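Okay, thanks for making time for this one.

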Amino acid sequence: MRARPATALSALLLPALLLTACTSGTPGSSTDHAQSGAVGTSPLQNPDGTRPGLAPLTSAADHKAGRDLIGKVRTAAAGPRTGYDRDQFGPAWTDNVDGTALGHNNCDTRNDLLARDGRSVQHKDGSACTVTSMTIHDPYTGKDVQWTKAQATKIQIDHVMPLSYDWQMGAAKWDKAKRVKIANDPLNLIPADGPQNSAKGDSGPSEWLPADPKIRCSYVVRFAQVALKYDLPVTPADKQTMLAQCS
C-alpha cells in the first residue's frame with residue numbers, strides 16, 4: 001500500500017525531470033545547437049554544397065570514405081602567384097554566374113551563404129535577400145555566433161580552396177567564366193569565424209587547419225571535393241596532411 005504514493009509521485013516527477021534535462025543550458029549555446037542537430041551537414045552527404053554548414057565526420061566508415069575521396073586528388077607542385085588578382089575571379093559575390101546552384105537567383109553569393117547556414121535569419125525590410133541578423137554555427141571553432149550586419153566581419157565567407165591557391169594550381173590557365181564559377185560555388189564556400197578566415201589566408205591544409213580538431217576531417221574532405229570537381233591538384237604536402245586528418 002505504501003508503494004502506490006511513491007509510484008504516483010515518480011510518475012509526476014519524471015516528466016518534469018525530462019523537461020529540465022531537455023531545456024538545460026543556455027539557449028543558442030554550442031551544446032544546445034549540437035543537441036538540435038543543427039551543427040551542419042556531413043560533406044559526404046552534401047556533394048554540391050547546397051545543404052547548410054559542415055558537420056564533423058566521426059565514424060570509422062566515414063573516415064575511410066573521406067580517405068578514399070582524398071586519395072583521388074592529383075598532386076603537383078604549386079605554380080607561381082604571378083598575375084594573381086582577386087578581380088581575375090570576377091566581382092566579389094556576384095550573382096551573375098553560370099553553372100552554380102545559387103547563380104542568377106537575384107541574391108548575391110554572400111547573402112545566399114548566410115541564409116543557407118544561418119538560423120533565425122532576419123532580412124532587411126523589403127528584401128528577400130539581405131541578411132541583417134542570425135545565429136550561425138561556426139564549424140572552424142565549434143561555437144555558435146550571434147551575428148548582425150553591424151558586425152559584418154565577425155563572420156566571413158571562406159573559400160575552402162583559396163582563390164590564390166586555385167590560381168597557383170591551374171586556374172591561371174582557365175577562362176574567366178570558370179574562375180567566376182569556383183569563386184561563387186557553394187561547394188567552395190563556408191561562412192566562418194572572421195579571425196580564423198583571416199589567419200588562413202591562401203594557405204593549403206599543410207599550413208592551416210581549423211581550430212576545432214573535430215572538424216578537420218570534414219574540412220579536408222570538402223577541400224578534396226572542390227579539387228576533384230574542378231580537376232585541380234593539391235601539393236604533395238597538402239595531400240599527406242589531408243589524409244592524416246581522416247586517419
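Let's start with H3. Its buried residues pack against two other helices, H8, residues 216–229, and H9, residues 236–245. Before I go on, keep in mind that this is a predicted model.

So which residues of H3 are buried? They're His63, Gly66, Leu69 and Ile70. Those residues cover an arc of only 125° around the axis, so they sit on the same side of H3. If you want the reasoning, an α-helix has 3.6 residues a turn, so residues three or four places apart point the same way. Turn to the face of H3 away from that buried side and you find the exposed residues Ala60 and Ala61. There's a length check too: H3 has 12 residues, 60–71, which at 1.5 Å a residue should span 16 Å, and its end C-alpha atoms are 16 Å apart, so the two agree.

Next, strand S4, residues 155–159. Five of its five residues are buried, so S4 is largely enclosed by the rest of the structure. Both faces are covered: Ile155, Ile157 and His159 are buried on one side, and Gln156 and Asp158 are buried on the other. Which strand does S4 pair with? That's S5, residues 189–193, running antiparallel to S4 and joined to it by five bridges.

In general, nonpolar side chains in soluble globular proteins tend to be buried together. Here, the largest nonpolar core has 37 residues, and the ones touching the most other members are Phe89, Met161, Ile182, Tyr219, Phe223 and Val234. H3, H5, H6, S5 and H8 each supply at least two residues of this core. Which of them gives the largest share? It's H8, with eight residues.

On to H6, residues 176–184. Its buried residues are Arg179, Val180, Ile182, Ala183 and Asn184, and they pack against H4, S4, H5, S5 and H8. What caps the N-terminal end of H6? Asp175 does, with a side-chain oxygen 3.3 Å from the backbone nitrogen of Ala177.

A quick stop at Ser120, in strand S1. Ser120 counts as exposed because its relative accessibility is 60%, and the cut-off for exposed is over 50%. Beyond its neighbours within four places in sequence, Ser120 is in contact with Ser133 and Met134. Its C-alpha is 8.8 Å from that of Ile136, which is 16 residues away along the chain.

Trp93, in the loop between H3 and H4, has a positive phi, near 65°, and isn't a glycine. Asp231, in the loop between H8 and H9, also isn't a glycine and has a positive phi of about 50°. Are these two buried or exposed? Trp93 counts as buried, at 18% relative accessibility, whereas Asp231 is exposed, with a relative accessible area of 53%.

That's my tour, so over to you.

How values were computed. Residues numbered from 1 in each chain as written. Predicted model: local features only at pLDDT ≥ 70, side-chain atom pairs only at ≥ 80, totals over all residues. Heavy atoms only, no water. Helix = DSSP H or I, 4+ residues; strand = E, 2+ residues; numbered from the N terminus. Expected span 1.5 Å × (residues − 1). Buried < 20%, exposed > 50% of the residue type's maximum accessible area, 1.4 Å probe, protein only. Arc of directions from axis to C-beta. Contact = heavy atoms within 4.5 Å. Pairing = 2+ DSSP bridges. Core = buried A, V, L, I, M, F, W, Y, C linked by side-chain atoms within 4.5 Å. Polar contact = N/O pair within 3.5 Å; in protein donor to acceptor, adjacent residues only side chain to side chain.
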